[in-house]
Amino acid sequence: MNAVVRFPARASCHGTGINSNITKRLTPRFSPSKRTCNLHSDKMKMQQRSICFQKNVLKKSWDNNRITAISSNRDPKTGQNSFSPAETVDRFYTCINEKELRQLGECISQDACFDDCAFIKPFQGKKEVMHFLEQLTASMGQNVKFRVRHICEGDDFTVTAIWHLEWKKEQIPFTRGCSFFKLSEEGENMIIRIAEVLIESPVKPGSIVLTLLKTVTSLFDEFPNVAQWFLSSPHAILNWVLKIYNIFVAPLLNPLLDGYIKLWSFMVRLLSYAFNIVIFISKIFFK
């Protein structure tokens with residue numbers, strides 16, 4: 001019987017001296033159907049994850065026809081927009097670029113929180129957020145645009161966007177940023193409730209950051225109680241330092257700073273006048 005089991009599978013199937021019942025009993029031992037099925041299912045799962053990831057990551061190139069595309073996404077019956085979270089963030093930046101403040105307001109929740117790390121405090125509520133966005137669009141002028149390179153949609157209505165600013169399609173240095181959005185449903189619409197914005201710093205300290213981090217972490221490890229107190233109330237410590245500054249340092253330093261600022265403002269005005277004169281003369285001689 002052992003000799004029969006060791007027989008090659010092909011010979012056992014076609015040989016005339018082997019009972020058909022024995023062949024049936026031997027078949028399950030040589031059948032790779034289970035392994036093939038598992039490999040096939042794993043491959044299908046990997047393909048599904050890849051497709052899902054491709055759906056969640058959007059690479060956007062901006063043009064002047066995006067507002068038209070956004071308006072065409074309205075439901076003709078209800079007049080409302082049916083956007084996914086990633087499309088809502090896409091629409092958010094498009095409205096900023098095209099200065100469509102009314103449509104921009106439709107993307108913002110009444111209890112929105114917009115936390116830009118360039119500012120000390122986050123903007124709370126739709127009124128503060130819209131006031132900030134209006135100032136932002138006015139400061140960008142007519143030629144500066146957001147260029148969103150990637151929009152990645154995650155779970156629980158979360159979206160991340162990586163972007164930079166461009167002037168006439170030329171990238172402006174030190175304007176790269178990353179924004180994290182938390183959205184929610186309001187009827188059939190998706191609106192932005194929370195936004196956190198990180199912007200590239202123009203100062204590049206390099207390895208100094210690592211040295212500073214090592215120094216701070218060493219102090220934290222040596223004095224854990226002081227570290228916990230500092231981390232639990234950093235704003236209180238800052239207010240305490242500001243009070244000391246206002247009492248002892250400000251009366252001496254502020255007059256010097258005021259004079260320094262006035263001197264530089266005068267120099268800037270003088271340079272701007274000289275620059276305008278040069279432009280005027282160049283237009284006369286190089287017509």
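This is a predicted model: local features need pLDDT of at least 70, side-chain atom pairs count only at pLDDT 80 or more; totals for chains, interfaces and linings use all residues.
Aromatic pairs number 11 in the structure. One of them joins Phe-146 and Trp-163, with ring centres 5.0 Å apart and planes at 75°, so the arrangement is edge-to-face. Phe-146 belongs to strand E4 (residues 144–153) and Trp-163 to strand E5 (residues 158–167), so the pair ties together parts 17 residues apart in sequence. Both Phe-146 and Trp-163 are buried. Ring pairs also link these two residues with Phe-92, Tyr-93 and Phe-181 into a cluster.

A tilted pair is formed by Phe-220 and Phe-230. Their centres lie 6.4 Å apart, with 50° between the planes. Phe-220 sits in helix H9 and Phe-230 in helix H10 (residues 224–232), so this pair ties together parts 10 residues apart in sequence. Phe-220 is partly exposed, at 28% relative accessible area. Phe-230 is also partly exposed, at 35%.

Helix H11 covers residues 234–285. The end C-alpha atoms of H11 are only 60 Å apart, whereas a straight helix of 52 residues would span 76 Å. A kink of about 70° is found at Val-249 in H11. The proline Pro-251 follows shortly after Val-249.

Glu-200 occupies the loop between strand E8 (189–199) and helix H9 (207–222). Its relative accessibility is 15%, below the 20% cut-off, so Glu-200 counts as buried. The side chains of Glu-200 and Lys-204 are joined by a polar contact of 2.6 Å. Beyond its neighbours within four places in sequence, Glu-200 is in contact with Phe-174, Thr-175 and Arg-176.

How values were computed:
Residues are numbered from 1 along each chain as its sequence is written. Side-chain values use heavy atoms; hydrogens and water are left out. Helices (H or I, at least four residues) and strands (E, at least two) are DSSP runs, numbered from the N terminus. Buried means under 20% relative accessible area, exposed over 50%, partly exposed in between (1.4 Å probe, protein chains only). A polar contact is a pair of N or O atoms within 3.5 Å; within protein, one must be able to donate a hydrogen and the other to accept it, and residues adjacent in sequence count only if both atoms are side-chain atoms. Contact means heavy atoms within 4.5 Å. The expected span of a helix is 1.5 Å times one less than its number of residues. The bend at a residue is the angle between axes fitted to the seven residues ending there and the seven starting there. Rings of Phe, Tyr and Trp (its six-membered ring) pair if their centres lie within 6.5 Å; planes under 30 degrees apart count as stacked, over 60 as edge-to-face and the rest as tilted.
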